[in-house]
Amino acid sequence: TIVELRLYKNVTFAMASVVNFLNTLGFMATNFLVALFLQQHLGYTPLQAAWMLMPSAVLVGTMSVVTGRLSDIAPPKFLVLVGLVLVAVCLFRFSSITAWTSVGMLTFWLTLRGFARAFIMAPLNAASMAALHESEIRMGAGLRGFGRGLASASSVALAATWLQGRHATQVQFLSQDQSLAVFGRDELVQHLVLTFERLGDVGQMANRKALAMPNTFIHQEAALHSYHETFAMIGALTVLAILPALWMGTRAKADEPDAGSTSAVPTD
């Protein structure tokens, strides 16, 4: 057979695959959202946004060596659970960021997320591969890579779709709230007209700018709320990944293949 789907009958491998998919989905979606937020709301260039994400990537690569060693000493499931909890905490912290959040705070939470993800990747790989027999490892590695690729490909599309949908909903809600506060809106527009007239705009130009400003404020506020809800949604997916991580069982014996099972990899 080309793809040995019977490997998913192994509970540890199946649960590790689910965790792998959700973790990769959340990681790639968060990178996309953070880069987009930095550019749209903080005025960063694409290069500056990439530099903000670099410490996290470097820490993941460095710490993966350490956590790989730890997975030989401590139970991999324990390390994965620690990593998932820390990642969830970071994501829920992202759900409260604003345009006034300092660069240092953003860098701290991004770096902590990279540190936490290192506790997931290597131990998760070790747990999933240790659960398979020697003849199944190559097929298991291929299925694991397929799941990671599928999550990476769909993460940005799902995050962008959810973000856009929440933005449209928030604009509608805030517009309704604005329509209920007519007197407050009229007073704001009057102050804005005076402000624009003092800046040199006269007549209809000042009125048009003043009328457009509340709508601009609504879209900015709606965008911020949509980011908060999207980060919270990704955090909820990470918390959901804790459940299959708890079901990851013990290591299988690599030298005793199951009776009646067929190897997906031909042997010489």
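Predicted model: local features only at pLDDT ≥ 70, side-chain atom pairs only at ≥ 80, totals over all residues.
Two ion pairs come first. Side chains of opposite charge can pair when their charged atoms come close. A search of the whole structure returns 2 salt bridges. One joins the side chains of glutamate 229 and arginine 166, with an N to O distance of 2.4 Å. Glutamate 229 belongs to helix 7 (residues 204-246) and arginine 166 to helix 5 (residues 137-180), so the pair ties together parts 63 residues apart in sequence. Glutamate 229 has a relative accessible area of 25% and is therefore partly exposed. Arginine 166, at 23%, is also partly exposed.

The side chains of glutamate 4 and arginine 6 form a salt bridge as well, at 2.9 Å from N to O. Glutamate 4 is buried, because its relative accessibility is 5%. Arginine 6 reaches 40% and counts as partly exposed.

Helix packing was examined for helices 1 and 2. Helix 1 (residues 11-40) packs with helix 2 (residues 46-70) at an angle of about 135°. Their axes lie 9 Å apart. The two helices are therefore oblique to each other. Helix 1 passes helix 2 in a right-handed crossing. Helix 1 contributes Asn31, Val34, Ala35, Leu38 and Gln39 to the contact. Helix 2 supplies Pro46, Ala49, Met52 and Leu53. Of these contact residues, 7 are nonpolar and 2 are polar. No charged residue takes part in this contact.

Conventions. Residues numbered from 1 in each chain as written. Heavy atoms only, no water. Salt bridge = Lys/Arg side-chain N within 4 Å of Asp/Glu carboxyl O. Buried < 20%, exposed > 50% of the residue type's maximum accessible area, 1.4 Å probe, protein only. Helix = DSSP H or I, 4+ residues; strand = E, 2+ residues; numbered from the N terminus. Axes fitted to C-alpha atoms, helices over the stretch in contact; angles between N-to-C directions. Parallel < 35°, antiparallel > 145°, perpendicular 65-115°, else oblique. Left-handed = near helix turned anticlockwise from the far one by under 90°. Contact = heavy atoms within 4.5 Å. Nonpolar A, V, L, I, M, F, W, Y, C, P; charged D, E, K, R; others polar.
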